[in-house]
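Subject: Structure for you to look at

Hello,

Here is the structure I promised to hand over. Please open it and keep it beside this email as you read.

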Amino acid sequence: MPGRRRVRVLLGVLAFIVVVLLYTRKNEVETYGGYVTEKVVGGGSVLRPKPVAQEPAAQWTASMSVRTERRVEETTSYKGLVAVPATTRRMTQASSASAQVASSTATSSPAAATMQQLPPITADDEPGYEVGEGRKDNAAPPQSTTSAIHWVKQIEHFPISTTRQLPTGTSKPLPKIQYSGKDAGKADVERLAIIKEAAQHAWTGYRTAAWGMDEVKPISGGYNNPFNGWGATLVDSLDTLWMMGMRDEFEEALEHVRNIDFTTSIRSDIPLFETTIRYVGGLIGAYDISNARYPILLEKAVELAEVLYSAFDTPNRLPQTYYRWKPAFASQPHRATNRVVMAELGSLSLEFTRLAQLTGEPKHYDAIARITDAFEEWQNNTRLPGMWPTTVDASGCAKPAQIAFDSSANQQPVPGGEGQMMVAGPPVRGAAGANAVTSIGTNVDREQHAAAQAKLEQETAPREFDTYVVKRQLDDEASRIQTTMDVLSNATTYQEDPVRRAVPAGNRDSSAVCLPQGLASTNKRASETFTLGGQSDSTYEYLPKQHMLLNGLTDQYKDMYIAAADTVAKHLLFRPMNPDNLDILLSGALKVSVNMTTGEDINQHVPEGEHLTCFAGGMFALGGKLFDRPEDVEIGRRLTDGCVWAYESTTTGIMPELFTAMTCEGASDWREECKWNETAYWRSLDPWEESRTRVVPPVVASTVVKTSTSGASVVAATEASATSTSADGLEAKWMLQTSPSSAVALQTAAMEGATRVVQKVATSADEFDVLTVDLQDDTSGPHLAQRQLDNEPAVPLKPATPIPSSSPSPSTSSPSSASASPSPPRSHPNANAPLYTPKPPLPHPSFVAQKIASDRLPPGITHIRDRRYILRLEAIESVFYLYRITNNPHYREVGWKMFLAISEATRVVGGYGNAAIDDVTKGAPEMRDSMESFWTAETLKYFWLLFAGFEEGSLDEWVFNTEAHAFRRPAR
């Protein structure tokens with residue numbers, strides 16, 4: 001007993017320590033409604049591993065040479081390198097001049113003639129290719145621009161030989177998008193006033209508690225800086241303020257915009273997609289909607305775009321979606337990674353195209369045109385032709401690239417700039433001379449290149465991991481596929497950039513070059529997901545909108561949209577079963593895996609509804625009008641009605657983030673009629689009814705001896721053995737034993753005419769577990785578990801409960817009897833062993849009712865994976881599009897119900913705006929201290945436009961980007 005007390009005390013102390021540690025850690029981790037903080041990408045959710053915190057890097061001067069090892073402690077001199085442009089035209093010149101000044105002040109070093117004269121390597125520069133985060137919560141305020149490190153424009157490593165120009169010519173008049181009848185909707189002044197008050201409430205909270213920061217915390221009054229600390233909510237809301245007539249607030253915000261310095265940031269990387277849609281899009285939208293009255297808006301957009309354009313300096317001109325902007329890293333050649341979120345790569349076209357139209361600078365259009373070409377080339381060659389997977393390989397290399405080094409070459413434009421693979425030329429910073437950065441690259445001539453590719457073809461022959469699963473011979477197919485995915489994923493994970501710092505040119509192997517490829521799958525054998533939801537959405541959304549912005553001067557985006565729309569209609573759309581038999585649609589997902597034996601694709605449709613996919617109703621309706629596809633308009637209507645149904649189904653009247661719906665049983669196509677079938681719905685909620693309700697026989701306590709044939713270990717425990725009574729009163733008794741020489745621990749025993757198999761798989765080739773279940777009634781001595789070791793005494797175990805027997809048991813056993821086969825079952829009519837009778841399972845109706853009540857499931861929904869609402873806009877966006885296209889007042893009415901429900905559940909009375917909620921199925925959901933910038937930038941804007949007159953925000957005059965920023969369509 002004292003020993004047991006000590007164990008209990010020790011366990012109690014350990015538990016207390018664990019609780020204390022968990023409690024102290026809680027303050028270090030940002031939680032969000034019980035879920036890991038969401039990282040928003042493409043309007044969607046991308047969960048990423050949290051990166052290690054990084055200390056700010058010291059500003060460098062060109063006099064610092066680079067060593068091959070990392071510096072731990074060194075004295076660094078600071079020097080400001082920012083050159084803020086006065087006008088749009090001077091932007092490039094000012095940036096280049098600052099770079100030349102930095103180079104001209106460097107001291108010469110003959111010993112470093114073949115070394116890179118670069119800033120010191122800091123913690124911010126390693127590793128170069130971690131997975132980036134679109135949203136990275138940061139409560140730190142922005143740094144002072146006088147002491148911060150600043151981005152400096154670098155000479156390109158991979159310059160292009162020709163620049164794509166904006167399409168020109170005489171365009172054909174595009175079809176009218178918006179309803180234009182005399183009875184077109186008029187402004188609802190009363191409801192507009194209520195929506196404007198909600199916007200003023202949110203803006204006042206931001207202005208009071210988080211002015212100039214990215215986001216306000218609406219409950220506590222704090223702030224958050226997930227998007228580089230440049231004032232995301234402020235810039236994102238500019239055109240909303242203008243639309244709603246909040247001119248004083250607009251002018252005040254404009255003064256802050258003048259002082260934003262986009263050449264420095266509290267983050268070590270810049271999320272290209274989020275920055276483009278929120279900041280560049282916000283500035284251009286405000287510039288367009290204010291009729292170009294404020295040139296500073298365009299100037300700041302150009303300033304930021306110049307920084308972002310540097311991310312496109314890669315061999316295949318596909319950008320680094322998380323651009324590490326600090327000079328120490330940005331000055332080196334890099335390439336896009338082999339695992340990129342598809343929406344982050346494919347949703348830049350509207351912003352850069354409109355910027356090129358406004359400034360006349362074609363390089364911005366060139367940047368996105370090359371991305372579009374890559375998507376178009378791959379579109380019909382994916383596992384699901386017509387669509388792209390959620391993650392793509394944008395590196396341009398079939399294997400990690402190694403760029404040749406040669407210190408004697410001069411920088412030259414790379415030939416084959418029109419989408420072909422390019423090799424880095426030597427970067428030159430400033431004037432040539434002793435202080436200039438030496439050459440690091442040259443073009444490989446055709447003969448060398450051909451020889452290198454031939455060598456690579458040999459090197460890329462199947463390696464050991466190709467047959468890994470065959471060697472394992474896993475029995476379970478799912479485990480086998482998952483193991484293969486894991487092995488191949490590890491084998492193909494992108495390694496550190498092969499371009500090393502400060503390595504003498506003579507030590508480089510110039511024969512190892514990149515094997516060119518376009519966009520490709522991140523893994524040839526792993527499962528891929530095709531969806532219109534998170535990580536994909538805005539790539540598809542931009543296809544018809546880009547066609548509009550270019551006035552139809554090219555059919556490229558039209559053809560890509562039609563191919564994608566047809567694939568979605570064939571493989572993703574489904575009709576959810578609902579009690580009212582509503583004619584609605586949802587867009588699910590398709591997971592495509594590979595059969596490792598035959599190499600064939602395996603398609604699995606996932607009938608899920610996601611708030612992010614609700615934009616699809618507006619996209620289909622817009623594409624149907626634009627390209628004269630009436631069936632797409634009808635699909636758009638039914639998709640929009642599907643999201644309205646999801647809103648109206650919950651307790652709060654708000655749609656959850658992600659849920660699974662019941663598909664129509666027996667329907668092979670979403671065009672077929674679908675009637676409510678409660679029996680089928682209940683069966684989907686209780687799919688294992690037969691096995692769940694199976695009666696379990698009583699259980700008798702017994703002894704299980706588990707040992708190893710190799711004699712390495714012994715484990716003894718008490719387990720249960722099933723017994724039952726037959727019609728003649730006989731009880732079954734059985735024993736499983738295996739010979740030590742057996743290769744597989746497998747025996748069968750008969751009980752009540754049934755067969756039971758007990759199998760244990762060894763963890764090594766020479767070790768197998770033997771399972772012995774003994775119900776013998778031997779009371780003459782204790783049961784023994786023996787280690788198969790010489791001269792090792794037996795280990796006594798607690799004897800099993802005696803069971804009376806009608807026949808005597810021998811008191812001793814000879815070697816011959818020990819090796820004999822187990823005796824047949826014997827009768828025990830007076831058995832008095834303790835029995836355990838499990839609680840009877842719930843009948844099917846009770847089980848289903850309990851599940852619906854406990855999970856708060858609306859009829860037709862089988863599972864809710866994410867119950868939150870984070871002030872999203874996609875549903876009201878499609879409601880707005882359908883109202884403007886059809887002029888059906890039904891959409892204004894359902895939109896108003898949505899507004900009232902959202903306002904009631906999310907408004908922080910006495911606080912600083914509206915807050916996300918944790919569970920839309922609760923009667924009183926809990927608020928979360930978060931208000932993302934799209935609440936004022938998008939959600940409230942679409943509510944406003946829904947009740948505004950048709951002349952405001954006309955779909956025939958404006959194109960809205962994925963952040964709802966309005967770009968004016970150029971005159972034809």
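Start with Glu274, which is found in helix α7, residues 272-289. One caution before going on: this is a predicted model.

Is Glu274 buried or exposed? Its relative accessibility is 2%. Buried means under 20%, so Glu274 counts as buried.

An unreviewed UniProt entry places the feature "active site" at Glu274, Asp537, Glu657 and Glu874. Take Asp537 next. Asp537 lies in helix α16. Asp537 is buried as well, with a relative accessible area of 4%.

Now look at α16 itself. Where does α16 bend? The bend is at Leu543 and comes to about 35°. A proline, Pro544, follows within four residues. α16 is mostly covered, with 13 of its 13 residues buried. After α16 comes Asn551, which has a positive phi, near 55°.

Last, a sheet. Three strands form an open sheet in the order β11-β14-β15, and their pairing is antiparallel. The edge strands are β11 (528-531) and β15 (601-606), and each pairs on one side only. On average, neighbouring strands here are turned by 25° against each other, direction ignored. How many bridges join β14 to β15? Six bridges join them, and β14 spans residues 589-594.

Best wishes

Methods:
Residues are numbered from 1 along each chain as its sequence is written. This is a predicted model: local features need pLDDT of at least 70, side-chain atom pairs count only at pLDDT 80 or more; totals for chains, interfaces and linings use all residues. Side-chain values use heavy atoms; hydrogens and water are left out. Two strands pair if DSSP finds at least two bridges between them. Helices (H or I, at least four residues) and strands (E, at least two) are DSSP runs, numbered from the N terminus. Axes are lines fitted to C-alpha atoms, for helices over the stretch in contact, and angles run from 0 to 180 degrees between N-to-C directions. The bend at a residue is the angle between axes fitted to the seven residues ending there and the seven starting there. Buried means under 20% relative accessible area, exposed over 50%, partly exposed in between (1.4 Å probe, protein chains only). UniProt positions are given in the numbering used here, feature names are shortened, and annotations may be inferred rather than shown by experiment.
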